[in-house]
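Hello,

I am passing on the structure we talked about, together with some notes on what turned up in it. Please open it beside this email, so that you can follow the residues as they are named.

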Amino acid sequence: MIPPLPTPSTVVDGITYALRMAIRQGEPGQLEPTNRAIWDALWFRFFLIFANSIVMLGMDHAWLIPLLGVIALVDTLSYPVISHFVLQLTGLTGRFPLFILATTWIGNLRVIILFLMLMILGSDSLGGNFLLLVVAIWMIWAAWSVATRSLGQGGFAGAGMVILMMVVEVMNASVIIGMIHPLVANTP
C-alpha cells in the first residue's frame with residue numbers, strides 16, 4: 001500500500017527539523033523515525049525533484065512530465081535502497097530508520113535552499129556562484145554531521161555515507177542528463 005502524502009504541517013516540521021540539524025541546534029533523534037515520518041520525507045523529496053525538473057525544463061516540454069515523474073521516483077528511492085544495503089553489510093541496519101529520515105530531510109533542505117538561490121540569484125554572477133558554493137559546502141558539512149550523529153559510528157562512517165550519497169546523485173544526474181537532454185535537444 002502506498003502511504004499517504006505528507007501534510008503541510010508535516011513538511012514544515014521536517015524542514016524545521018533539517019534546519020535545526022544543519023545549524024547544530026538539533027539532533028537526528030528529535031524526530032521519531034517512524035515509517036510514516038520516513039515516507040513523509042521521501043514523498044516531499046519526490047515532489048521537490050519533480051517540481052524542480054518541471055521548472056528547469058519549462059512547460060514547453062510538458063510531454064516529458066510522465067518521464068520526469070519516473071526519473072524523480074528513481075532518484076528519490078535510489079539512495080535509501082543503496083544505503084540500506086550498505087548499512088546491512090556493515091551491521092548497522094538498526095540505525096537505518098534514523099539515518100534515512102535525517103539525511104533525507106537534510107537533502108530536502110539542500111534542494112530547497114539551492115533551488116531558491118538559483119531562482120533568485122541566477123547562475124550568471126560571480127558573487128551568486130560564490131554564495132552557491134558556500135551554501136553547497138555548508139550542506140555537505142550538514143549531511144556529514146547528520147550522517148555521523150545518526151549512525152553513531154564516528155566521522156569516517158558519516159563521510160563514507162555522504163560520499164556514497166554524492167556518487168548516487170552524480171549517477172542519477174548523469175542518467176537524467178543522458179535521457180532528457182537528447183529528447184529536449186531534438187524538440188523543434
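**The pocket and the cores**

Among the helices around the largest pocket, H6 contributes the most to the lining, with 11 residues. Please keep in mind throughout that this is a predicted model.

The largest pocket holds about 990 Å³ of space, and 29 residues line it, with Asn52, Asp75, Glu169, Ala173 and Ile176 lying nearest its centre. The elements that each give two or more residues to this lining are helix H2 (35–57), helix H3 (65–89), helix H4 (96–121), helix H5 (126–151) and helix H6 (155–185).

As general background, nonpolar side chains in soluble globular proteins tend to be buried together. Which residues touch the most other members of the largest nonpolar core? They are Tyr79, Phe99 and Ile106, in a core that has 40 residues. Two or more residues of this core come from each of helix H1 (8–22), H2, H3, H4, H5 and H6, and H4 gives the most, with 13 residues.

Best wishes

Definitions and conventions: Residues are numbered from 1 along each chain as its sequence is written. This is a predicted model: local features need pLDDT of at least 70, side-chain atom pairs count only at pLDDT 80 or more; totals for chains, interfaces and linings use all residues. Side-chain values use heavy atoms; hydrogens and water are left out. On a 1 Å grid over the protein atoms alone, a cavity is a set of points where a 1.4 Å probe fits but cannot get out, and a pocket is an open set with protein on both sides within 12 Å along at least five of seven lines; lining residues have an atom within 4 Å of a point. Grid points are joined across faces, edges and corners, and a volume is the space filled by probe spheres set on the points. Helices (H or I, at least four residues) and strands (E, at least two) are DSSP runs, numbered from the N terminus. A nonpolar core is a set of buried Ala, Val, Leu, Ile, Met, Phe, Trp, Tyr and Cys residues joined through side-chain atoms within 4.5 Å. Buried means under 20% relative accessible area, exposed over 50%, partly exposed in between (1.4 Å probe, protein chains only).
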